[in-house]
Amino acid sequence: MPLSRSALGSVALTALALAALSCPVAAKTPTRSGTRTPVRAAPAVDVPLMRSVISALAADNMEGRGPATPAEPRVLDYIIAQFKAAGLKPGNKGQWLQEVPTVSITGSGFSPLTVTGGKETLSFAPVKDFVAFSYRAVPETAISDAELVFVGYGIRAPQLGWDDYAGIDMKGKIAVVLVNDPDYAASDEHGLFKGRRMTWYGRWPYKYEEAARQGARGVLIVHDTYPAAYGWNVIESTSTRNFIQTPNKGMDQTEANGWIQKATAEKIFAAAGQDFAALSAAAAKPGFKAVPLGLKASYSFANDVRTSVSHNVIGLLPGRTAPNEVVLYSAHWDHLGRCKPDATGDNICNGAVDNATGVAGIIALARAQAQAGPARRSQAFIALTLEESGLLGSEYYAANPVFPLARTVGGVNLDGLAPGGRSRDMTMSGGDKSDLNALFRKHLAALGLKESSESNPERGGYYRSDHFSLAKRGVPVYSFGRGEDLEVGGQAAGQAAAEDYTRNRYHQPNDHYSPAWDMSGIAQEVDFAYRLGRELADGTMWPNWLPNDEFRAVRDASRAATRAK
């Protein structure tokens, strides 16, 4: 799980405890998108079951649950056995597994980035000044004399009246793009692009995807630490990129994507007779038009291409009266496998918190939902692979859904449930985005909990966990985390727990399970997930994104197509 996502409020925080398991039954209330159904008393969370699952998945014999390693079959067999015991049926057309074919591309032999057309040729060193890589599964990438065009933030958002590519033909050209979105420097969350809260338009994958849609040959994003939310060291340290295999081997993508240092961009703009700061300021205002720089860039590198296959595990509880409508519960089973040894020589990143806890959570949810009896709608439980490689398991599922996305109501994603005691608050990742927020607040109120603000919304944490693969295709999915306001110790204790996990165990060999763990916080989070999911499963509402949200249009189109049939 990526460290900076807002679900770290769930992973890195000791919080939340087992709350009252009964909820008063009230009359159904109609909404614009359906009927909200109150959730009756939830079955007690099976804590011994979760302890057993976490202990097994985080054991050394699972070798850190590396995808497509000799340990994967052991992991899959264990999860399938647990799904069966919970009462699930095979969810993929009579099968438990969904194959996820992947490709890993490692670049090498990088040439300098040379820029011509100014008074003198500029040359920039790989890694130090720029980083480049390809989404195409080809042995070599070579860009020669491609025109550079500054396209501001590289955003096309018709619902917001914004188009940085208006009036420019990008075929054969390289887009030079600013990181984040136009109002990232705001002090609050008010603004066309939600102020300081990063939107999907601010994330680097969006910028690469949009440039490809515009026919660009390549993309160079200008790195700046604050709007990027991480330093250059993060960019330069990643040599291998992982992708889903496609029939066209990624040939619909740009030839090369990459980053350049801000100082590199300033030199390039100066060579073009332009002021980088002035153009950046102009790019943040409506009506900005792309600026051809009158310069050409060249660079090349080799690609080592490797393919492999991993698997998602899918189980199903068929619905009672609307079995073709589906609510999803997900958690990623993978971790880092064998990793850099610690001082004791331990080289297995066991991933107990990240994310054996999440898998234990959906197994406990499956058992609780089965015990409660069939819901109105079907409920699917998916243990996803390759989250740590870039959300690839969820991306493959969302692109190749077993259950049509137009008939997928929504769901709950669990990613890293931290052991510990009670908390008085909970956070919804992503801010106000969809109808799910109202349901979230309804259940908080029923349990006497308060909502806390998401920390560091400018980092775009919502877009860094498996729920996002479904969200960008229109399906709203809960991603919530526990807050820092502990019943014992308050904010100070919660923050200390978060810092301790981040510093000492996150993505390290000592993320171990201990029988001494306090499971009460984990139990309440699973109980809360039960309530959220069961309401969707027993109800008739179809949650949608709020007006002008970046995912509203795709959900509207999906639902309209279904209603037309």
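## Aromatic contacts

Trp162, Phe193, Trp200, Tyr201, Tyr206, Tyr462, Tyr463, Phe468, Trp545 and Phe551 make up one aromatic cluster, where rings of Phe, Tyr and Trp (its six-membered ring) pair if their centres lie within 6.5 Å, planes under 30 degrees apart counting as stacked, over 60 as edge-to-face and the rest as tilted. This is a predicted model, in which local features need pLDDT of at least 70 and side-chain atom pairs pLDDT 80 or more, while totals for chains, interfaces and linings use all residues. Residues are numbered from 1 along each chain as its sequence is written, and side-chain values use heavy atoms, without hydrogens and water.

Across the whole structure, 28 aromatic pairs are found. Tyr184 and Tyr226 form a tilted one, with 6.2 Å centre to centre and 45° between the planes. Of these two, Tyr184 is buried at a relative accessible area of 19%, whereas Tyr226 is partly exposed at 46% (buried means under 20%, exposed over 50% and partly exposed in between, with a 1.4 Å probe and protein chains only).

## Charges over rings

The charged end of Arg241 sits over the ring of Phe133, 3.8 Å from its centre, and Lys433 lies over the face of Tyr462 at 5.4 Å from the ring centre; the criterion is NZ of Lys or CZ of Arg within 6 Å of the ring centre and within 35 degrees of the ring normal.

## Helix H8

In helix H8 (residues 276–283) the buried residues are Phe276, Leu279, Ser280 and Ala283. They lie on the same side of H8 because they cover an arc of only 105° around the axis, taken from the directions from the helix axis to the C-beta atoms. Helices (H or I, at least four residues) and strands (E, at least two) are DSSP runs, numbered from the N terminus.
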